Amino acid sequence: MKKKALFKDTFREIKKSLGRFLSIMLIIAVGVGFFVGVKATAPSMYGTAEDYFSAQNLMDVEILSTVGFSREDADAVAELDEIKHVTLTYSADLITENNGEYVVAKVMAIPADMENSINLPVLREGRMPTGEDECVVIKSTLLGVPYAIGDEITFEEYAGETVTDDVLSRRSFKVVGIIESPLYISYSFGTSSIGSGSISSYIMIPAENFLYERYTEMYVTLKCHDEGISAFDEEYDEILSQLTKKLEKLGIRQYNLFADETNAQIADAEEEYNEGKEKADKELSEARTQLEDARKQIDDGLLALEQGWKDYEAGSEEADKQIADAERQLRHAEASIQSGKKELAAGIAEYEQKKKETEAKLKDARAQLDSGWAEYNAGKSEYEKAEREFSAATAEYQDAIEEYEQAKEEYEQAQRAVSMAQATLDQIKAQIDQEESHTISATDLAILQAALEASKAQLQNYQEQLSTMEPGTPEYIEMEQKIADLEESIARQEEELANLSVGSEVSKEEMLEAYDEAQAALDDAQRELDEAKAQMDEADAQMAEYNEYKAQLESAESELNSARIELEAGEREYEAGKVEAERQLAAAAQEIEDGKRELENAKASLKSGQRTLKKKKAEAQKELDDAHRQLVDSEEQLDDAQDEYEEGMAEYTDSMAEVEKELSSGFNRIQNAKSMISDVVAGKWYVLSREDIMVNYANFRQDAMRIDAIGDVFPVFFLMVAALVCLTTMTRMIDEQRTQMGTYKALGYTQFETASKYLVYAALACVGGCIVGPVALSQILPRVIFGAYSILYSLPYFIIKVPIGMLLVSVVVALICTVAVAAVVCWKELRTTTAALMRPKAPKAGKKIFLEKLPWLWKHFSFFQKLTARNLLRYKLRLFMTVLGIAGCMALVVAGFGLNNAISPISDIQYGELSREDVTFYLNQTSEKEKLDDLITQLEEDPRVESQICVVTYDCKASDPEGKVQMEDTFVFVPENKDSIAEIINLRDPDTKTPVALTDDGAVITNKLSKKLGVGIGDEICTTFNDKTYTMKVTGIAECYIYNYVYISPDYYEKVTGEKNGYSQVILCCTDDMGSHDAFSEEWLAKDSRIVSAYFTDMASNAVKDTMASLSIVVFVMILCAGVLAFIVVYNLTNINISERVREIATVKVLGFNHKEVNMYIFRENIIMSVLGVLVGSFLGYLMAQFIIQTVEVSMVTFSHDIKFVSYLYSACITMGFTVLVNLFMTKRMKAISMVESLKAIE
Amino acid sequence: MSAYIEFTDVCKRYQMGDTVINAVDHAGFSIEKGELAIILGASGAGKTTILNILGGIDTSDEGSIIVDEKDVSRLNDSQLIDYRRFDIGFVFQFYNLIQNLTAKENVELAVQICPEHLDVDEVMSQVGLDERKDNFPSQLSGGEQQRVAIARALAKNPKLLLCDEPTGALDYVTGKMILSLLQDTCKKTGMTVVLITHNSSIAPMADRVIRMRSGKVESVTMNENPMPVSEIEW
């Protein structure tokens, strides 16, 4: 209770100076958190791996032997103390086809007893195999083959020189599950001696499928894991190396057992062999004799058969000839029958023709007669008709005569009328003449009257005539017309006359008209006369015609009579012809009948001839067939004999070969066994650790170590900076509160109680930071870092293991920096008397600085520059702390950038400037250059390929001549000739960038190799490949970032190794527009079976880029943390600087300094301190970056050790940027400082 | 025509938790040019606040403060800076010298920002510090430090020299020396000097004595014949 006020004071203090409190807390949080976080990464990586491995019972040791293992071997191993469990199993590398590419798969037996076995797979999908033909495959990775459940995997017949069927009982397996194996923690499955050399999949099949007699592998786990020894501990390495020795010794013992047993077996075998050989030799010689006899018999038989065939041929020929003759004769007979037939047919046709003709003639005659008769009858009826007509005509003739008489009379009458009409006319003419000189007189009238009278008379005349005429005749109608006309003219005349008689004068014209009329009448009369005359003539003609007709009739009668006579004669003639024709026809028919009969006879005789021939032919054929059959039979017999012989022979050879083989294999076995026994080394056991067999296991360990190493530098530095700042802050705080402390003390509080306020303050800030920082960052950082590494390693999960020791260490450091510092400072203050404490601490005396002793420099300083210089040097500790704090941040940022610098350009330089290759074709075997010429020619023709070169590479271990330093990830690279290497690789000096030539006198090695092994130009280097070590002379050093190479020319290779090298790869440079990679590789893999796989450099460069990107993330995290730290540091220090100098600031404000001047009064110092910090930090950063790069560098990759100038620039910008940012924050605070402060007494 | 310095109805209140304290309560007085004025009062009488307001260090809440026809109460922040810079010389009770600067440099610090400043060496000799120019404050006695402070204020050649208990931290003799230096300066240069003190015995040295109590001006008395400091005993 009594300390309530004190606690209140403490919490008020925190509230009041929350900024300071938080900054201490944050700086502790970042410092401790970063340290713990980075330090947690390696244990987490180890821990995760450890956890996973122990859960899957990962083997500690794999034992291989040249002679395989038996159960007894396993039992012997199990008896060793260190051994926890032993598993025997089988494995084989086999080749399978995937999308046209032949890939190597590691095939492993699934142990029968899964629970207790080693290297348990984790089932990801599907199920474990139940049937013998089922398998599980490892989860696909970028580099592996993506199998899916349900796929069928079929192994090729050959896997290198191994025959698959010798290894497995079946070649096809069905995928039923996807697994992960603890054996594979990276995405690569390691290498194999067959195929492309790299394993693409891991397949587990039931153990029953393996045909091996002895087990191929023995896996062993150790008991030490149960004792808590991690596989990553050094103790484990120790145990392992001891165990290895033991196992090797045991191996020799076991082998000797095996050898003794084998020796006994050999002796037996040798005896057996000799017996067998003897027996076999005897049997073989017997068989030989038998075979020779058979051969002779067959030869005889063959000769006889040949003769038989010849006879058969001759007989067959003869028979053929006879048959041909007979056939020819028959053909003749047949031909004559045919011609006879034809003749007969012609005769019949002729007969038919004649008969038809005769009949036709008769018919014609008959028809003629008939038509004659018809004509005659017609003529007769005509005649009779004519007779009838004639009698009618006679009557007509009488009429005509009458008519004629009448017409004659009429004619005369008409003549008279004409003359009368003439007279009238004349009269009228005269009248007209008269009229011409006189007027119409009464005479005229009289004349007219007379004319009228005449017309009337004529009319009457006509009427009379008419009455005589037969009505309806034309004359009658004519006459009627005449009468009508005449009546009309009469009427006219009467009218005229009337007109005249009326008294009016008749004009001359009328007279003339009358005259014309009269004239017309005259003409009419004349015409009538003519007509009458014509009628008369006609009647005359009719009469003449009648007479002619009569004569005709008479001639027709006579004609008729003559025709009748003729007809009767024809009839008689016809009858006679008919009889004659019939007689002729009968004779012809008879003749035909005779011909027919004759033909029938010929036909019959032909048929019988044919029959005879057929019969004879069949007989001959039969005879021949028999002969043939006999021959064929004997031939078959011979063939059989031959076959039998061949068989016998083959059997003989086979059995001989077999016997020989058996004998030789037996012999060999015996020899092998013998040599094996005699050569103890051959019977060695190879004891392999996890690092030896697991891909990237060593790298995993190294990477974790590397991160841990970074953790030793980076976060320690971090923590140091944090501690520094805390120290400064706490010191300052306690200094500030000096008088308060005096007051407490004066009030009677003990020293501890007085100090406790500050201790609690510091402890709270520190503990807060220690909780927040590690909790957050130990979860975040390992994940981020391991996340970055997940490009390289695949673990199924990630467990974070916070290293409690490290956490405690950092917490202790943090507590020291805060609480302990607080305690020390308090104690220092409290040591003085209370009274002294009550008095304000005398301000630190100003004094001349060393710069003033350099007047030539000092006097050039402006007033404010002098002031700043003095101020800076006044508080040397503060200056030191600030510069160091800023330098620390700067160094961290520089190191981060430097690291980024070191890794990011690798891929660009390696694949952009140094390596020009685009595609590498891996060949199925190493072959001589000449054998690849055709492939090269084909490649030259491909427009996508710019250049190509054959190379061979050997995976080797390089070391210095003493063998002290060894380098892995090194390749011996032999191009087809020393000049063409420039087409694919730019060999250049790492510093001068000038080209380095490959000569026949030595090797060009890459820069890292040279550096690590301490080998320069002119020195020697040892390379171990193909189990042999060669010493080479170094003639050049070339720049290279990925892997290490020893480049040698083929001539030098020969010089060093004593043999000529073959080529196993073809490296291509392609055009930029080569198109799809898949299409290219598919096309070439299909085109040439020697190409096993195509590897595109893009893949490598992308993989490297990915790795580098993952490291970049780590770097980015570091830069970010460093930035945060920089900000906090600068903020804190500036804050302290200001609060220390509030009074001073207030004073200069009172003096009338404006804001800018006041700010600059303080910030000038800040800026100079920052600049100093940046300079120092650049140097520190360089050292740190170098250290980190060396630590992080893996053997396969060479990092660029130069830090680019821009990296410094960026870092400086970041650091200075934070300073400026903090200053901007601080201007507000400066502005807020009240000038009244200046009036206060110094507390 | 108003006085050189004219305080009219000036109020200054401080908020202290729930209560409002009237540090200056409707204070009004005037000081003529060239006068040495002493503001006298007990602790908390508001004399320092008056001085702060006059010096442009603090602001008033009410009323007007005219200094040489300039209304200080209406000046904005940057005008106040200029006012302090060019018109005011301030002498603190605790000298407020910059520890890191020598005596001369402390004077120069003020001079740096003032164009119409006096010669530094002259002012230094004027205050009797010829010998100690290059000494740091910590090497000087209190009186010497205060003289440096006065020199720093004078070197700016201000219109007004404001002194906040200049003798408060000094012993009797030294205090007397400082006061006589101020009196002499006032007489010789005709500079207006305003001095605040709680020591009423030094009042006779002033031309004008303004007594304050509880933020109010109690009385203003004029001394026709100010007494030289050397003759004053306290």
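pLDDT is the predictor's confidence in each residue, from 0 to 100. Keep that scale in mind, because this is a predicted model.

**Stop 1: chain B, coloured by pLDDT**

Select chain B and colour it by pLDDT. Its mean is 87, and 99% of its residues reach 70 or more. Now pick out two elements. Helix 3 of chain B, residues 103-111, has the lowest mean pLDDT among the elements of this chain, at 86. Strand 9 of chain B, residues 208-213, has the highest, at 92.

**Stop 2: the fold of chain B**

Switch to a cartoon view. Chain B shows 6 helices and 10 strands. Of its 234 residues, 57% count as buried. Look at which parts of the sequence meet: among contacts in chain B between residues at least 6 apart, 71% join residues at least 24 apart. The accessible area is about 9500 Å², and carbon and sulfur atoms hold 45% of it.

**Stop 3: chain A**

Select chain A next. It has 1243 residues, and 46% of them are buried. The cartoon holds 26 helices and 22 strands. For contacts in chain A with a separation of 6 or more, residues 24 or more positions apart account for 82%. Show the surface: chain A has about 63300 Å² of accessible area, with 54% belonging to carbon and sulfur atoms.

**Stop 4: where the chains meet**

Show both chains together. The predictor gives the complex an ipTM of 0.88 and a pTM of 0.58. Select the contact residues: 31 come from chain A and 30 from chain B. About 2800 Å² is buried between chain A and chain B, and carbon and sulfur atoms give 63% of that area.

How many salt bridges are there between chain A and chain B? The count is 2. Zoom in on B:Glu105 and A:Arg870. These two residues form a salt bridge, with their closest N and O atoms 2.4 Å apart.

**Stop 5**

Is A:Val1176 buried, partly exposed or exposed? Its relative accessibility is 35%, so A:Val1176 counts as partly exposed. The partly exposed range runs between the buried cut-off, under 20%, and the exposed cut-off, over 50%.

Technical notes:
Residues numbered from 1 in each chain as written. Chains lettered and ligands numbered in written order. Predicted model: local features only at pLDDT ≥ 70, side-chain atom pairs only at ≥ 80, totals over all residues. Heavy atoms only, no water. Buried < 20%, exposed > 50% of the residue type's maximum accessible area, 1.4 Å probe, protein only. Helix = DSSP H or I, 4+ residues; strand = E, 2+ residues; numbered from the N terminus. Contact = heavy atoms within 4.5 Å. Buried area = accessible area lost by both parts, 1.4 Å probe. Salt bridge = Lys/Arg side-chain N within 4 Å of Asp/Glu carboxyl O. Areas by Shrake-Rupley, 256 points an atom, 1.4 Å probe, with all protein chains shown as cover.
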